[in-house]
Amino acid sequence: MVTLVEVAQHAGVSASTVSYVLSGKRSISANTRLRVEQSIRELGYHPNAGARALASSRSNIIALMVPLRTDMYVPVMMEIAIAVATTARTHGYDVLLLTGEEGPDAVRRVTGSGLADAMILMDVELDDERLPLLRGTDLPSVLIGLPADTSGLTCVDLDFKATGALCVEHLAMLGHRDIAVIGEAPAVYERHTGFAERTLDGLRSRARDLGIRMLHRPCEGGYDAMAVTLARILDERPGTSGFVVQNEQAVEPLLALLRRQGRAVPEDVSVVAICPDPVAVQASVRLTSVSIPAQEMGRHAVERLVAKLDGCGTDEVVLIAPELTVRESTGSAPSAAS
């Protein structure tokens, strides 16, 4: 294990100079800094995390709270988490991953123990019980998600309300007048999870503006659950010609069931999905979709958190504009085509 003293000897400077280069507490000439940094690289020196934390009063750790629920699409959550971790490393921070269902207890544990310098929270609910604790502490934080009340908070998210509106607009432009929305599992709505509620708000309000009849049905995902949901939709609204799917696990079962019923996509029925691009392009019919910008969300969250840690960040809401990519799953409504 290379020591700080060995780095100093290699660079031809004092041990305190190496320490100042690492901590940034004193101004060091550019030539000396470059010489020390070159010695650090050549020797493969890594500062002791404990000593560094004691010297700087920082742990250089960001806590990322990701409750991994069975009713959520885990690959998207983990893609965001990976983006957070890789971006954090470029800024010199490691990530502590909290995956349990502790809720406020996890926030208390992090804020009360000094485990981390800051927190990022995911799976945000409209009335999230973790938020009063965040507002009551000096620990910098960022939410990946949007609660009902964003005052005193920094939030990063896809603009899910605009996403819902965009899906309705696309189907309406193609002449579809009866639309069914296949949503997340019922538990997601029972928790009032922000992204699902906001998407539904955008769908409903834009459908109302455009005179579109819309039906929303939550679905657990999987073939059997999708079969029951689709049968219910077509029983209530047999004229349904457009589907919006916000449930990755329901995508392929829906396409399979439509084929089984002899409903061609997109000649008879159009399907728009809100999902990651790999889900859309690898489906049995390449799906018109609004992508989930997981990497962008994770990167934006870390950058705003680092700005707060550096004393130059402010509370703000960053909404990423949705982009709809047209593929093979949407076409003119049968009545419009005729």
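Buried means under 20% relative accessible area, exposed over 50%, and partly exposed in between, with a 1.4 Å probe and protein chains only. By that rule, strand S3 (residues 118-121) is covered on both faces. Ala118 and Ile120 are buried on one side, and Met119 and Leu121 are buried on the other.

This is a predicted model, in which local features need pLDDT of at least 70, side-chain atom pairs count only at pLDDT 80 or more, and totals for chains, interfaces and linings use all residues. Residues are numbered from 1 along each chain as its sequence is written, and side-chain values use heavy atoms, with hydrogens and water left out.

**Overall picture**

The protein has 15 helices and twelve strands. Helices (H or I, at least four residues) and strands (E, at least two) are DSSP runs, numbered from the N terminus. The C-alpha trace spans about 85 × 40 × 35 Å along its principal axes. Of the 338 residues, 50% are buried. Contact means heavy atoms within 4.5 Å. Among contacts with a separation of 6 or more, 71% join residues 24 or more positions apart.

**Strand pairs**

Strands of a sheet pair through backbone hydrogen bonds, either parallel or antiparallel. Here two strands pair if DSSP finds at least two bridges between them. S3 has partners in S1 and S4.

| Pair | Sense | Bridges | Facing residues |
|---|---|---|---|
| S1 (residues 61-65) and S3 | parallel | four | isoleucine 62 and alanine 118 |
| S3 and S4 (residues 141-144) | parallel | three | methionine 119 and serine 141 |
| S5 (residues 155-158) and S11 | parallel | four | leucine 158 and isoleucine 320 |
| S10 (residues 288-290) and S12 | antiparallel | two | serine 289 and threonine 325 |

Strand S11 (residues 317-320) has alternating side chains. Val318 and Ile320 point to one face and are buried.

**The six-stranded sheet**

An open sheet of six strands runs in the order S7-S6-S8-S9-S10-S12, with mixed pairing. Its edge strands are S7 (213-218) and S12 (324-325), each pairing on one side only.

Helices lie across this sheet. Helix H8 (residues 160-173) lies across S6 (178-183), S8 (242-245), S9 (270-274), S10 and S12. H8 runs at about 165° to S9. Helix H12 (residues 248-260) lies across S6, S8 and S9, at about 155° to S8. For such angles, axes are lines fitted to C-alpha atoms, for helices over the stretch in contact, and values run from 0 to 180 degrees between N-to-C directions.

**Helix against helix**

H8 also packs on helix H10 (residues 194-210), at an angle of about 40° with axes 6 Å apart. The two are therefore oblique to each other. Angles under 35 degrees count as roughly parallel, over 145 as roughly antiparallel, 65 to 115 as roughly perpendicular and the rest as oblique. The contact includes Phe160 and Val168 of H8 and Phe195 and Leu203 of H10. By class, the contact of H8 with H10 has nine nonpolar, four polar and five charged residues. Ala, Val, Leu, Ile, Met, Phe, Trp, Tyr, Cys and Pro count as nonpolar, Asp, Glu, Lys and Arg as charged, and the others, Gly among them, as polar.

Helix H5 (residues 74-90) and helix H14 (residues 294-309) form another crossing, with axes that come within 8 Å at roughly 40°. That makes H5 oblique to H14. Residues that meet include Ile80 and Val84 in H5 and Met297 and Val302 in H14. This contact has eight nonpolar, three polar and two charged residues.
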